[in-house]
Amino acid sequence: MNRFTRDQIAARVAKDIFEGAYVNLGIGLPTKVANFLPEDREVFLHSENGLLGMGPAPAPGEEDEDLINAGKQPVTILTGGAYFHHADSFAMMRGGHLDICVLGAFQVSEKGDLANWHTGAPDAIPAVGGAMDLALGAKKVFVMMDHQTKTGGSKIVPQCTYPLTGVACVNRIFTDLAVLDVTPEGLCVVEMAPGLTFDELQGVTGAPLLAFESKGQS
């Protein structure tokens with residue numbers, strides 16, 4: 001089964017980020033999106049540890065140990081970028097000032113419920129960070145994740161079984177197999193990996209899917 005690479009997923013997310021958007025990139029896979037934003041498109045990247053105007057990852061050897069994102073990865077800052085207090089950063093997140101946040105996930109339900117901070121395992125360390133604030137505060141929530149678990153189970157489910165981060169908050173899902181929109185009618189397939197059929201995608205997805213054409217869109 002053909003799959004999108006992680007770089008291809010990140011590039012696809014970057015394609016959907018519009019000119020002038022204020023965007024938070026979550027820890028993990030979402031941080032890759034910064035490296036694929038077109039140079040001629042002005043996007044303001046926000047990091048919850050107190051940075052606005054974040055740029056792509058620095059070239060090897062040019063890292064600044066005092067310039068990191070929320071995942072402690074080295075980043076760059078663009079001309080006009082700003083640093084601020086952690087509390088101010090969360091006020092931005094909670095106050096509806098972010099157009100888009102891009103988050104990873106353990107599960108997403110067919111209704112757009114998000115579970116991305118805890119699997120419920122007794123030995124896991126709960127660490128929600130700012131995920132709840134972002135999921136409810138951003139105007140749009142994009143999720144980037146593998147379509148399946150390491151054991152082959154679907155991460156897209158009728159109902160989340162892990163502790164929730166947010167209810168009905170996800171707008172679009174980007175996986176290594178497809179791009180899906182969360183709609184009132186259900187999960188609508190926008191794109192699929194090359195060579196993948198709708199039936200194959202449905203076969204590895206735990207919730208019902210709608211073909212893009214059935215929504216009357218182009």
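**Exercise 1. How much space lies in the second largest pocket, and which residues lie nearest its centre?**

*Solution.* Keep in mind that this is a predicted model.

Step 1. Start with the volume: the second largest pocket holds about 350 Å³ of space.

Step 2. Look at the lining. It is made by 20 residues, and those nearest the centre are Arg41, Val43, Met54, Gly55 and Leu78.

Step 3. Trace the lining back to the strands. Strand 2, strand 3 (51–54) and strand 4 each supply at least two lining residues. Strand 4 gives the most, with five residues.

Step 4. Sort the lining by class: 11 residues are nonpolar, six are polar and three are charged.

**Exercise 2. Describe the largest pocket in the same way.**

*Solution.* Step 1. About 720 Å³ of space lies in the largest pocket.

Step 1. Its lining has 28 residues, with Ile27, Gly104, Ala105, Phe106 and Asn116 nearest the centre.

Step 2. By class, 14 of the lining residues are nonpolar, nine are polar and five are charged. Hold on to Phe106, as it returns in Exercise 4.

**Exercise 3. Work out the strand order of the open sheet of 10 strands, then walk through some of its pairings.**

*Solution.* Step 1. The order is 4-3-2-1-5-8-10-11-12-13, and the pairing is mixed. Strand 4 (77–83) and strand 13 (209–210) are the edges, each pairing on one side only.

Step 1. Begin at strand 1 (residues 22–25). Three bridges join strand 1 to strand 2 (residues 44–47) in parallel, and here Val23 stands opposite Leu45. Strand 1 also pairs with strand 5 in the parallel sense, over three bridges; Asn24 faces Cys101 there.

Step 2. Move on to strand 8 (residues 140–144). Strand 5 (residues 100–103) runs parallel to strand 8, and four bridges join them, with Ile100 opposite Lys140.

Step 3. Find an antiparallel pairing. Strand 10 and strand 11 (residues 178–183) pair in the antiparallel sense over three bridges, and Phe174 has Val179 as its bridge partner in strand 11.

Step 4. Is strand 8 mostly covered or mostly uncovered? Four of its five residues are buried, and strand 8 is thus mostly covered.

**Exercise 4. How many aromatic pairs does the structure hold, and what can you say about two of them?**

*Solution.* Step 1. The count is three aromatic pairs.

Step 1. Take Phe106 and Tyr162. The partners come from distant parts of the chain, 56 residues apart: Phe106 sits in the loop between strand 5 and strand 6 (107–109), and Tyr162 in the loop between strand 9 (156–157) and strand 10.

Step 2. Now take Phe142 and Phe174. Their centres lie 5.4 Å apart with the planes at 65°, so this pair is edge-to-face. Phe142 in strand 8 and Phe174 in strand 10 are 32 residues apart, and the pair links distant parts of the chain.

Step 3. Compare with the cut-off: buried means under 20% relative accessible area. Phe142 is buried because its value is 5%, and Phe174 is buried at 1%.

Note on methods: Residues are numbered from 1 along each chain as its sequence is written. This is a predicted model: local features need pLDDT of at least 70, side-chain atom pairs count only at pLDDT 80 or more; totals for chains, interfaces and linings use all residues. Side-chain values use heavy atoms; hydrogens and water are left out. Buried means under 20% relative accessible area, exposed over 50%, partly exposed in between (1.4 Å probe, protein chains only). Two strands pair if DSSP finds at least two bridges between them. Rings of Phe, Tyr and Trp (its six-membered ring) pair if their centres lie within 6.5 Å; planes under 30 degrees apart count as stacked, over 60 as edge-to-face and the rest as tilted. On a 1 Å grid over the protein atoms alone, a cavity is a set of points where a 1.4 Å probe fits but cannot get out, and a pocket is an open set with protein on both sides within 12 Å along at least five of seven lines; lining residues have an atom within 4 Å of a point. Grid points are joined across faces, edges and corners, and a volume is the space filled by probe spheres set on the points. Ala, Val, Leu, Ile, Met, Phe, Trp, Tyr, Cys and Pro count as nonpolar, Asp, Glu, Lys and Arg as charged, and the others, Gly among them, as polar.
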